[in-house]
Amino acid sequence: MNKKLVEIRNLSTQFKKGANIHKAIEGITFDVYEGESLGIVGESGSGKTTLGRTILRLLTPFHGTIQFDGIDLSSMDAKQLRVWRKDFQMIFQNPYESLSPRLKVGEIIEEPMVIQKMLTPKERTNKVYEMLENVGLPKSAYQKTIHEFSGGQRQRVAIARALVMNPRLVIADEPVSALDVSVQAQILNLLKELQTEFNLTYIFISHDLSVVHHMSDRVGVLNKGHMLEIAAKNEIYQNPIHPYTKSLLASIPKVNPMMRGLEAEPVEVPPQPPYPPHLIDIGNDHYVAADVIEIQNYRMNKQVHKSES
Amino acid sequence: MVTMLDVKNLKVMFHSKQAEMVAVDEVSFSVRAGETVALIGESGSGKSVTSQAIMGLLPDNGRIAGGEVSFLNQNLVKLSEKEMRRIRGMKISMIFQDATVSLNPTMKIGKQIVEGLHYHQLFPKKESKGEALRLLSIVGFENPSDIYHQYPGELSGGMKQRALIAMAISCEPQLVIADEPTTALDVTIQKQILDLMDDYKRRTETSILLITHDFGLVSEYADRVLVMYEGKIVEAADVFTLFRNPVHPYTKGLMNSIPRIEDPRVMLQTVRDMAVQEGTFEGRVFAPEVFSKDGVTYHAPSALIEVEKGHFVRFFTNKMEVSRT
């Protein structure tokens with residue numbers, strides 16, 4: 001396996017709301033390997049967006065560490081972080097909100113380089129044209145403003161801006177949820193092409209299990225601020241252990257009417273304990289917050305499958 | 001089976017200061033009692049406009065420019081707003097995507113349901129509270145009397161959507177139009193809500209017109225499917241036929257653009273790829289009906305053609321009209 005690019009240990013982020021403390025994420029631990037695509041699935045309120053933003057230090061963690069290529073980002077202040085910012089970028093769900101409506105598209109893509117004082121103005125312009133080509137936009141896009149574009153094209157601009165600094169880690173937070181399915185397919189294909197071309201590492205955050213499956217090498221399941229299970233894609237989709245993971249997978253609509261009525265039994269999800277779980281390594285690079293019986297069942301099923309085949 | 005809704009040749013126009021544009025054209029379909037018909041398409045396909053036209057809820061700059069909407073043999077297009085109000089909510093009800101805007105934030109859930117019952121004078125006042133509680137338990141609330149006294153703001157998205165369904169079925173409508181009813185919800189809640197609607201439909205023979213962009217929902221819940229593209233139905237069939245044998249390149253493109261878990265493809269096929277691949281239709285698969293080449297304008301009329309029993313596909317007909325400009 002490749003080397004670890006990101007090591008998250010025991011990460012927690014809290015929000016204060018009056019006298020109340022809301023623990024958005026708590027006790028999150030996982031690694032991201034260089035060149036891989038790690039999917040994070042979760043429903044609304046699971047803390048998936050907070051997790052992404054904390055890793056990129058757009059939020060300050062309450063507890064825990066974020067090691068990026070061996071350097072601890074969790075305790076850095078804004079000034080120290082600035083040096084590292086170019087190495088990790090984010091793509092948001094709604095590019096209309098995350099991109100300035102006043103600037104020209106060329107300026108939007110150039111801006112990160114200006115802030116980092118990279119290259120000469122002429123080199124920067126050339127770099128912008130290069131990025132426009134990489135994301136499949138015409139050169140004429142340079143002079144336009146963002147509102148002249150459709151949702152899919154806007155997301156292409158956002159991707160160009162994120163990639164112009166040659167980042168090593170890209171966190172995409174629901175990058176295709178606002179798009180029509182046919183446009184969604186184009187953007188997903190583009191993200192995959194660019195990953196190979198620029199050797200990018202992705203953390204791909206989404207509520208859509210099919211999209212995460214398509215985009216990821218490994219997948220982590222987040223619920224109510226806790227990471228419940230994390231494993232290689234095929235392992236987790238075929239052998240889910242945590243009841244919550246099972247219930248999520250059982251809820252995906254099947255795109256085949258012949259499979260109606262073949263649904264798995266509904267899964268009873270026990271209430272989540274208030275403290276973050278300790279993930280147990282059950283081998284096969286599969287980590288899960290499960291009790292002994294669930295793990296025994298899983299192992300027995302595996303044995304049965306083995307002896308059958 | 002009784003035909004509940006029969007839409008014939010519906011045409012809807014929208015006007016702006018400069019011009020009038022056609023949003024929906026040549027749309028014909030019917031919904032029978034107890035049937036779920038799905039209208040699937042992407043944004044701008046005209047699927048929501050079609051549903052608004054049926055309900056007489058088009059925005060001010062839209063109008064029905066032609067066609068008929070018959071509901072149990074009564075042409076709704078000809079009705080006055082007052083007559084329409086008696087049908088809306090009572091015989092046909094609607095569930096929208098965003099429950100937050102459909103519910104009154106200043107009124108308790110129970111009161112909102114009771115109000116609907118009173119408006120259509122279905123229950124004596126004394127009994128309406130009991131009926132509201134019954135409806136809330138039908139839609140899966142374990143503690144209907146608590147929900148009855150809560151404001152919409154106190155409920156989660158899924159709970160609000162369930163309260164909205166309780167209101168939608170309160171007058172025992174014969175047709176429910178559900179416009180992206182679960183798009184804003186989590187997958188686990190989405191399944192609960194749609195199973196609930198499906199179960200209700202089976203028990204009561206209610207018809208459902210499901211408007212969605214999601215082929216997954218169509219394959220799980222629809223009996224028949226209409227695929228809309230640029231204001232027109234481009235393919236129509238029962239759900240099994242459509243998934244077994246999609247014919248129109250747009251339908252195929254849409255189906256191939258969805259990532260599926262059982263599917264090992266690295267790259268998805270987009271609608272655009274499909275259009276290029278199927279260029280055999282003289283390259284005019286997604287072309288407008290009117291197109292110019294070398295200063296000559298061609299009109300290529302299109303029509304829905306039955307390719308197998310009950311399976312209709314829109315093709316450009318061979319008959320071409322040429323007009324010089």
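Is A:Glu36 counted as buried or exposed? At 7% relative accessibility, A:Glu36 counts as buried (buried is under 20% relative accessible area, exposed over 50%, partly exposed in between, with a 1.4 Å probe and protein chains only).

This is a predicted model, in which local features need pLDDT of at least 70, side-chain atom pairs count only at pLDDT 80 or more, and totals for chains, interfaces and linings use all residues. Residues are numbered from 1 along each chain as its sequence is written, chains are lettered from A and ligands numbered from 1 in the order written, and side-chain values use heavy atoms, without hydrogens and water.

**Exercise 1. Contrast two salt bridges of chain B: B:Glu180 with B:Lys47, and B:Asp199 with B:Arg203.**

Step 1. Read the N to O distances. B:Glu180 and B:Lys47 meet at 3.9 Å. B:Asp199 and B:Arg203 meet at 3.5 Å.

Step 2. Compare sequence positions. B:Glu180 lies in the loop between β7 and α8, and B:Lys47 in helix α1, so this pair ties together parts 133 residues apart in sequence. B:Asp199 and B:Arg203 are 4 residues apart in helix α8, about one helical turn.

Step 3. B:Glu180 and B:Lys47 are both buried. B:Asp199 is partly exposed, at 40%. B:Arg203 is exposed, at 53%.

**Exercise 2. Describe how α7 and α8 of chain B pack.**

Step 1. Take the geometry. The angle is about 15° and the axes are 10 Å apart. Axes are lines fitted to C-alpha atoms over the stretch in contact, with angles from 0 to 180 degrees between N-to-C directions.

Step 2. Classify. α7(B) and α8(B) are therefore roughly parallel (under 35 degrees; over 145 is roughly antiparallel, 65 to 115 roughly perpendicular, the rest oblique).

Step 3. List contacts, meaning heavy atoms within 4.5 Å. Among them, B:Gly158, B:Ile165 and B:Ile169 belong to α7(B), and B:Ile189, B:Leu196 and B:Tyr200 to α8(B).

Terms used:
Helices (H or I, at least four residues) and strands (E, at least two) are DSSP runs, numbered from the N terminus. A salt bridge is a side-chain nitrogen of Lys or Arg within 4 Å of a carboxyl oxygen of Asp or Glu.
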